Amino acid sequence: MVNATIDGRPISVEEGTTILQAANDIGIGIPHLCFLKEINEIAACRICVVEVEGTDRLIPSCNNAVLEGMVIHTNSPRVRQARRTNLRLILSQHDSNCTTCIRNGNCALQKLSGYLNIHYQPYKVNPERSHVDLDVPVVREASKCIKCMRCVQICDKIQTMKIWDVSGTGSRTTVDVSFNRQLRDTDCTYCGQCVTHCPTGALTARDDTNRVFHALADPEITTIVQVAPAVRVAWAEAFNLSPDYATTGRMVAALRQVGFDYIFDTNFAADLTIMEEGSEFLERFTHRNRYRWPMFTSCCPGWVRFLKSQFPAYTENLSTAKSPQQMFGAIAKSYFAEKKGIDPSKLFVVSIMPCTSKKAECELPTMKDAAGDPDVDVVLTTREFTRLLRSDHVVPFDLKEESFDSPLGSGSGAAVIFGATGGVMDAALRSAYYLVAGKNPNPDAFKAVRGDKAWKEANFTIPGAGEVKVAVVSGLGNTRKLMEAVDKGQVDYDFVEVMACPGGCAGGGGQPIHNEQEMAAERGELLWKLDANSKIRFSHENPDITVLYREYLGKPLWKKSHTLLHTDHSAWQVPSQKSHSEA
Amino acid sequence: MSRLDIKTPIQAQAVVDQLYQNVERRIAASPPGLCPIDMALNFLNLCHAQTCGKCVPCRIGLGQLSEMLQEVLDGEANMRILHRIQVTAQTIVDTADCAIGINAAQLVLMGLKSFQDDYEEHILHHRCLGSLKNPVPCVALCPAGVDIPGYIALVREGRYDDAVRLIRKDNPLPASCAYICEHPCEARCRRNMVDDPINIRALKRFAVDHTENVPQPECAKSTGKKIAVIGGGPGGLSAAYYLTLMGHKVTIYESRKQLGGMMRYGIPDYRLPREKLDEEIDSILTLGIQTRTGVEIGKDITFDELKRSYDCLYLSIGAHTDKKTGIPGEDSQGVVSAVELLRHIGDGEKPDFSGQNIVVIGGGNVAMDVTRSAIRLGARKVSCVYRRRQEDMTAQQDEVEGAIAEGAEVLTLEAPIRIEADQEGHVAALWTQPQIIGEVDAQGRPRPNTAEVPEKRIPADLVIVAIGQGIETHGFEQTGIKIQRRGTMLADSSTRVPDMEGVFAGGDCVTGPATVIRAIAAGKVAAANIDEYLGFHHEIKADVQVPAPKFYDLKPRGRVDTKERDAFERKSDFDCIECGLSLEETQQESSRCLRCDHFGYGIFKGGRVEKW
């Protein structure tokens, strides 16, 4: 233990504890900006400086440990002056038009400037010029970047894609796409983790809300909205509703107020995915020699992009099942359109997703209806959903709960857990068991795949099929480790669930942003609770799914399912594949 | 009002003078990888501040050049601006009245040509090609990329064994380098900005002098692959060392009696004590490297035989042949090459030069080595003859000064023209033509020209030619290895020999005579690429935890320089000239390190390469 004093209060902390941490532990919150625990401790912003008696210069508290006998002052006149000056310097290169910024009201820089009483700016303000590309889902505005380097670190250390890097030298040092590339020419998975860890509005997900308002305003158009599982446990965070009050029913009511014609649930499509993917797994499992192993889930578009660029030889290991979002779009523009007698070209399908990569997924050439129109027209992130409600001055607190519309609005407990790491595997095993054994397992039989551990492994015996070796992984850095182990033959699995974002969709790149707080575990818990409280906990028991197969599809993996619900992952290319084939 | 005043510097001028010194230091500490246009722009601004303001091109033109460069850097320019910059700069060169304007504009013109790519990238893509690949200046400048801040921190804590282990991760010859490395690491030490660079080599020497038989790491599991290393100098030893650690079976073929290459047959004992070299080589050999000395390729065994018997070959034969001056009389008795003399000394066969007048031709480090060796071998007088000025010598200046202190005559601006022999055909004198220093050549060195002064006769009993070394390509001509015009072997930056499967080459035989640390670096690169070539991805790392940095203050403090033994005493023996630092000096010097591996960019990127 090390003894010191902070602002006159004696402390005793474990050796190696940073000054920032030690202060925080006794309720002294030292202002800081670039710091991100264990990921970005580079002391670049110099806001968190403190004065230590006996040292000539101020020292950053985020990456300096408390040493024996230190006398630390966090609010001395020198410290106050220095952090205000440094903040003003940062602001002198920041486009502070907060009024028109996506992060207005949820910006670490804005908040800090408010807290530190920065009300006038003595320096000449000269933000870096932005060259914005709106053709990709992740957008960078250089004029708002404070060069905290969090995006570089998240992409390097957590996702291991190394898309962002420091660019230029000297006074013009900035952040840009690595190797002087354009984002669209990289293997960026568009996971959006850089966006959710950006303290300002420099990195954002492209805002597509206006396209939704246009569709809503067009009397010729029938609008359909689907809501992904993980959205329902995060949508009201920005409105400060407690989880108990922020129910799915209230979310439906809010969407109704915005004016969508049909409000459906991606859970329906998740159940459908289980029917198809579960059947596909059994087909592969019972004809082992015809397929490459392991089989991988395909519902996460960030993961699909990752696999295609980083381990392209494994592309055929992906389940051919489309993701729930795309299955929903395909069913909406065929089955539902026919049922209602609506011309699919007059249908406008909006998805609300916890994800930025879904914006790219719906634009893939393989995700189109019979007429060549996209199955899903627009993807909004959870954050854009919040903006949609705010711009229509919907007050969720005042709303009465409502139900999803029929017939694409029902979902089982097995579907809602798609939003948490391990959920897809859990759901798939529940129905696979039923399909082979002819009876339901205990819905909690596959608990071993749950929980927020990054890489989970389990073996289950399905009567009639044998032992199934499964693994669940989230976060692309962890995924890379798993893939390397698979590739080297160090591990042997039959079925692997992968989610690009740490903690799965609950921690997705499209979810509400809480600076320095990881929300995936908390939101995931809520999803598992929703499952536990569901009346139906098996995808194959969703009555609307049964009707869909009876009336329209026949059976899983049959011809119609094949056309509408499955895809060829090799029919499109990621940029690195394109550049190879051009060369 | 007095008619004349004595010039006394005013306070402001004194501060400005200090500023100039700081600018010099600052530039010395520039890390590699900066944007050349940005640096050119800021240099141009400095030049502009020097203008007296009389003439239009300098007063206004330099400012306009600066504006245009700024526009380029801000991504606001189009390609036409390059022409405008060119015309403006040319006009300043053509019309400015003095060097202040002319020289500044010349630098801009040079930049337009030499960093055209950078200009285009900024104009067309608003991006910069510059980047800080390695932000720790000493590590960036060390050819082998040794973790210098890491071992300095270990030395500071008295963990000398760990320091040696950490160095060995990138350089298996820490002791040899501690004595003789030319320490390019010190050139851009950030401490330059404060006072002077850290005496890095002296700290390394303290570490190696205070350890004994630090055990070598365990080798990886045997791969069953066999590699022949041809040439047992620093490069060959390094390649053999890392390849053996990686689990490959290595045999070193050496044509001389002993291993060590130029460390033994080029560098005299008084710079690198033999027992240090022997200990270090023995330690490397404990890994289980096979050696076959006294084997000449092409004579005792052919290249093709080796190629057939091994999975890979690494050629590191160095540059051990002498170069001739080509002047008349060179074949007289008593004219020897430096290489030959040093080879004998290396094998312990020391000639007796008692009472002789010796003339050494050349101005490089080898010339100094033979000059100083000749003094130690009892020569009456040793004169080192060089055709340019002392500051143009390629030898390190402290070597030259050391030789002078030991009594050598350094005769500069004397071009050897012929060697005069006596009736027996033995050398009697060297005739030289005095030179006048002239225009600067393309490499930036002033050229010597014949001075209008008569020839000079320098009496000599022995003439030692030390004007450079060549590469022994005999035995390799028919192998398919491409020999370049300068006699070097062709290999790429990965040490691969083009169009030859499994053959790699590096060090002096590829680059021409260079330094020990560059040969070591080539050996390291070769080991990595041979391992990959053989289908492995072994990693070399050191299990040493580098101490966390402490706060430092930036109070300027003098650099602890290394002392040498008295010239009078040392000139009669081959014992080591250089004295090691004391513990007190070591602790003070190591505490000056600014820990660029942590402070600044190091904590973010490139601060430490844990393994390779």
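A residue is buried if 20 or more other C-beta atoms lie within 10 Å of its own, exposed if 12 or fewer, and partly exposed in between, with C-beta atoms placed from the backbone.

The model is predicted: local features need pLDDT of at least 70, side-chain atom pairs count only at pLDDT 80 or more, and totals for chains, interfaces and linings use all residues. Residues are numbered from 1 along each chain as its sequence is written, and chains are lettered from A and ligands numbered from 1 in the order in which they are written.

**Exercise 1. Work out the strand order of the open sheet of 4 strands in chain A.**

Step 1. The order is β11-β10-β13-β14, with parallel pairing. Two strands pair if DSSP finds at least two bridges between them.
Step 2. β11 (262-265) and β14 (378-381) of chain A each have a single partner strand, so one side of each lacks a neighbour in the sheet.
Step 3. On average, neighbouring strands of this sheet are turned by 25° against each other, direction ignored. Axes are lines fitted to C-alpha atoms, for helices over the stretch in contact, and angles run from 0 to 180 degrees between N-to-C directions.
Step 4. Strand β10 (residues 222-227) of chain A is joined to β11(A) by 4 bridges. A:Ile224 has A:Tyr262 in β11(A) as its bridge partner.
Step 5. α8(A) touches β10 and β11 of chain A, and its direction makes about 40° with that of β11(A). Helix α6 (residues 209-217) of chain A lies across β10, β13 (347-353) and β14 of chain A, at about 125° to β14(A).

**Exercise 2. Is helix α8 (residues 148-156) of chain B buried or exposed?**

Step 1. 9 of the 9 residues are buried, so this helix is largely enclosed by the rest of the structure. Among them are B:Ile148, B:Tyr151 and B:Arg156.
Step 2. The buried residues pack against α7 (137-141), α9 (160-168), α11 (200-209) and α22 (583-590) of chain B.
Step 3. After α8(B) comes B:Gly158, with a positive phi near 80°.

**Exercise 3. Describe how chain B touches chain A.**

Step 1. 17 residues of chain B are in contact with 16 residues of chain A.
Step 2. The chain B side divides into 8 nonpolar, 6 polar and 3 charged residues. Ala, Val, Leu, Ile, Met, Phe, Trp, Tyr, Cys and Pro count as nonpolar, Asp, Glu, Lys and Arg as charged, and the others, Gly among them, as polar.

How values were computed
Contact = placed C-beta atoms within 7 Å. Helix = DSSP H or I, 4+ residues; strand = E, 2+ residues; numbered from the N terminus.
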